[in-house]
Amino acid sequence: MKKTALHLATAAISSMVIAAPVLAEDLTIGLASEPTSIDPHYHNLGPNNALADHLYETLILQDENQQLSPGLAVSWTAIDDLTWEFKLREGVTFHDGNPLTADDVVFTFERAPNVPNSPSSYATYIKGKTAVKVDDLTVHIKTETPYPLMPSDVSTIPIVSVEAGEGASTEDYNAGKAAIGAGPYKFVEYVPGDRIVLERNEAYWGEAPAWDKVTFKAIKSGPSRVAALLAGDVDVIASVPTTDIESLKGEENVSLFQGVSNRVIYLHLDHDRASSPFVKAKDGGAIDNPLRDQRVRLAISKAINRDAIVERVMENVAMKAGQLLPEGFFGVSPNLGPVEFDPEGAKALMAEAGVPDGFQLTIHGPNDRYINDAKIAEAIAQMLTRAGIDTAVETMPRSVYFKRASTGGPDGTPEFSFILVGWGAGSGEASSPLKSLIHTYDKERGFGASNRGRYSNPEVDALIEEALATIDDAKRQDLLAKATEAAINDGAIIPLHYQVNTWATRKGLKYIPRTDEATLAMSVVPE
Amino acid sequence: MSVYIVRRLIQSGLVVVAMSLIVFLGVNVIGDPVHMFVNPEADQAEIERVIRDLGLDRPVHEQYGFFVLGALKGDLGRSFVFGEPALKLILQRMPATLELAFMALLMAVVIGIPLGLYAGLKPEAWTSKTIMAGSILGFSLPTFWVGIMMIMLFAVMLGWLPSTGRGETVAVFGIEVSFLTWDGLRHLFMPALNLALLKISLVIRLTRAGTREAVHQDYIKFARAKGLSQRRIVFVHLLRNILIPVVTILGLEFGSLIAFSVVTETVFAWPGMGKLLIESIQQLDRPVIVAYLMMIVFLFVVINLIVDILYSVLDPRVRLQDKAS
């Protein structure tokens, strides 16, 4: 009897809480990782760029599939090989009421690559570009060589107001003094480690923002983030832990939204060294590096059961991968699908390559960087061991891993032989991974910065370089696809899967998943 | 006397210098922050630019030299991640952590002492046995698990309390505190209780043991023989005597409350300095780690120095010893 009464009381209270009028105009979002600064040019980092999209906005916008659309600029054209003309939108005002002019764009291009102490600057996108004012609403951006990626590079640079930004430091932005942009939301409050509060920009040029007030809360711990949503303290959460997805599906008051990301999880192999430190003969003796043989690389790819990884390890929150970016992105090849699981074929290829009995190998991977990263490495080791390649697993925190994987060997060379890594194409097209992962490591020209397997294929290099100098979109798309095909068929890297991201909202809201993994208030719409 | 103080000062200075060396070198051999911060799309030139800008291209002893020069001027370096002075970041979050620790301490006393007293006075009652069994759970259950369970119960199922975060704050002498607002108190309750659980169990056990011992002492028997009321015996005579060890232990445990707050702050997304430290370690934000540890070292050294000096004032033998040597 007593028990029933308690039950009833509990039920009454919980229904009261749920039924309590939630102001539809206010939105609270629980983030897994908080932005490190309000200064849009301080740190080129996912959460910071997402916040900047609210406050500052860019000349060219990236939609949820990273397709480009007009933002603060209404049009952009290459008027000759070395000059792009941007026409600015008329009548756009910053949050302080000043109009947007070419001066603001020129100022942004000067400020963004030169913020002091920046741990990762926007020079990556601005290098080699000079912005010149033509008139109040026209800007020319000049380059030294033909540069087809101009629109996608420009779409990453948040425009700040010259009046507010002149001489302003990162601290001035964090204090809100200089945080003046033309984006859909205005800065209200920043409490580091706790919350960032924004309010609607009534003077926004585009579609009126849906929310009066937006609060971002940093809730790093996954279970706490889920609990905060269930308790009704936040309306939307990012990065739902894969283990909670099943149970959340059963919750009436929660809706889940999933979307594939631009991030491919892949294996990189040592293509370079004649004898690789973590490859040994079956008896533990030294052998010539078998990973340099294309047949062995393809055998490894065939020995991996991608379906099992997606279903068991990733709990279906992933998509099998056959190349660098999922279907639908610019420069993706229509001819490449995920390699099918084929243990017999793998054995045959190994025999053909002269290692029928396999060898010993160690896979290295991070354990706190990608979704279920350590578990994936373990599954791969088991699958390869079954195929005859005795594989040991070593995972470590990313703070240690990436240094060793990139420069841990003698003379700053990569240390490992066989690694698990991920790559998110920030620009939303295939040249980003091709340039950094596949092209021959070339410090002077800035190619292959993340080519930790030191893959080098002159044919592929030539295709990539040609693509990067081709302004014509159709031709460039074709070249990128060709380069991808050549590299993947050669086993430059072994793609595993594309990460799928999950957002959860309270009932009545809808989240439009973004391939760039950003969590935006603009992507939350009332149902 | 003054010789003694001068010598203690020199010793303390040496401890600070030695600790700064150990901390700085220790933090600098782990991993490489550059690979944590640089956007993967950056090319080699940008990576080198970052290494140069953060001063990581210089040999460790030079970096240490810069750190010491800065520290002498009160500048403990600038966070790699936030681009703000490390000391400012820590001080910004300090009130939240101290508030949490004090609240937990208060709960340990307010909940622990009455329960312990009851269990000590009526050791055979089933309620006392329940209290003691509960205190074992308080000792043995992992904090983060209890935290999640509390959120599930009080925030998700019952909906009585907010799940995470810090509530509304008001400024008192320029310090933002949340325990003076209703919203702040509601946010503070669960994390403070979570942090206090272990200490509550400790206080229960200490109080119970003290009570069991004291009730058989002559002065309690005498008081009873005198015909004093039970209430007066317990709250005046007994309590006063058993509180001494409890207070001593709680004083010592306050430090561990601040240290353990790391876990609680992470579970409840409490914006305190424990959370800052753990995130800085994960991201290899070296200046913040070093500044945090140095601040703690400095605090402990100063406290010990003051205690030692007071000791010499209070105890003449220390002074005499000094003269003899």
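**Figure 1. Helices α11 and α13 of chain A.** The axes of helix α11 (residues 306–313) and helix α13 (residues 373–386) of chain A come within 11 Å and cross at roughly 140°. This is a predicted model, in which local features need pLDDT of at least 70, side-chain atom pairs count only at pLDDT 80 or more, and totals for chains, interfaces and linings use all residues. Residues are numbered from 1 along each chain as its sequence is written, while chains are lettered from A and ligands numbered from 1 in the order in which they are written. Helices (H or I, at least four residues) and strands (E, at least two) are DSSP runs, numbered from the N terminus. Axes are lines fitted to C-alpha atoms, for helices over the stretch in contact, and angles run from 0 to 180 degrees between N-to-C directions. α11(A) and α13(A) are therefore oblique to each other; angles under 35 degrees count as roughly parallel, over 145 as roughly antiparallel, 65 to 115 as roughly perpendicular and the rest as oblique. Ala308(A), Ile309(A) and Val313(A) of α11(A) meet Lys375(A), Ile376(A) and Ala379(A) of α13(A), where contact requires C-beta atoms, placed from the backbone, to lie within 7 Å. The residues of this contact are five nonpolar, no polar and one charged. Here Ala, Val, Leu, Ile, Met, Phe, Trp, Tyr, Cys and Pro count as nonpolar, Asp, Glu, Lys and Arg as charged, and the others, Gly among them, as polar.

**Figure 2. An open sheet of four strands in chain A.** The strand order is β4-β5-β7-β6 (chain A), with antiparallel pairing; two strands pair if DSSP finds at least two bridges between them. β4 (73–80) and β6 (129–135) of chain A are the edge strands, each pairing on one side only. Direction ignored, neighbouring strands are turned by 25° against each other on average. Between the antiparallel strands β5 (residues 83–88) and β7 (residues 138–143) of chain A there are five bridges. Opposite Thr83(A) stands Lys142(A) in β7(A). Helix α3 (residues 102–111) of chain A lies across β5, β6 and β7 of chain A and runs at about 165° to β6(A).

**Figure 3. Strand β1 of chain A and its partners.** Of the six residues in β1 (residues 26–31) of chain A, five are buried, and the strand is mostly covered. A residue is buried if 20 or more other C-beta atoms lie within 10 Å of its own, exposed if 12 or fewer, and partly exposed in between, with C-beta atoms placed from the backbone. Six bridges link β1(A) to the parallel strand β10 (residues 213–218) of chain A, and Gly30(A) has Lys217(A) in β10(A) as its bridge partner. β1(A) also runs parallel to β11 (residues 236–237) of chain A, joined by two bridges. In β11(A), Val236(A) stands opposite Ile29(A).

Figure 4. Most residues other than glycine have a negative phi. Glu57(A), not a glycine, has a positive phi of about 70°. It is found in the loop between α2 (46–55) and β2 (60–62) of chain A and is buried, with 25 other C-beta atoms within 10 Å. Asn316(A), also not a glycine, has a positive phi of about 65° and lies in the loop between α11 and β14 (318–320) of chain A. Asn316(A) is partly exposed, with 13 other C-beta atoms within 10 Å. Asp272(A) sits in the loop between β12 (254–269) and β13 (279–280) of chain A. With 17 other C-beta atoms within 10 Å, Asp272(A) is partly exposed. Its C-alpha atom is separated by 7.2 Å from that of Arg292(A), 20 residues apart along the chain.

**Figure 5. The contact of chains A and B.** The contact takes 49 residues from chain A and 51 residues from chain B. On the side of chain B that touches chain A, α3(B) gives the most, with seven residues. By class, this side has 28 nonpolar, twelve polar and eleven charged residues.

**Figure 6. Helices α5 and α11 of chain B.** The axes of α5(B) and α11(B) come within 7 Å and cross at roughly 135°, which makes α5(B) oblique to α11(B). Leu89(B), Ile90(B), Arg93(B), Met94(B) and Thr97(B) in α5(B) meet Met273(B), Gly274(B) and Leu276(B) in α11(B). Five nonpolar, two polar and one charged residue make up this contact.

Key: Contact = placed C-beta atoms within 7 Å.
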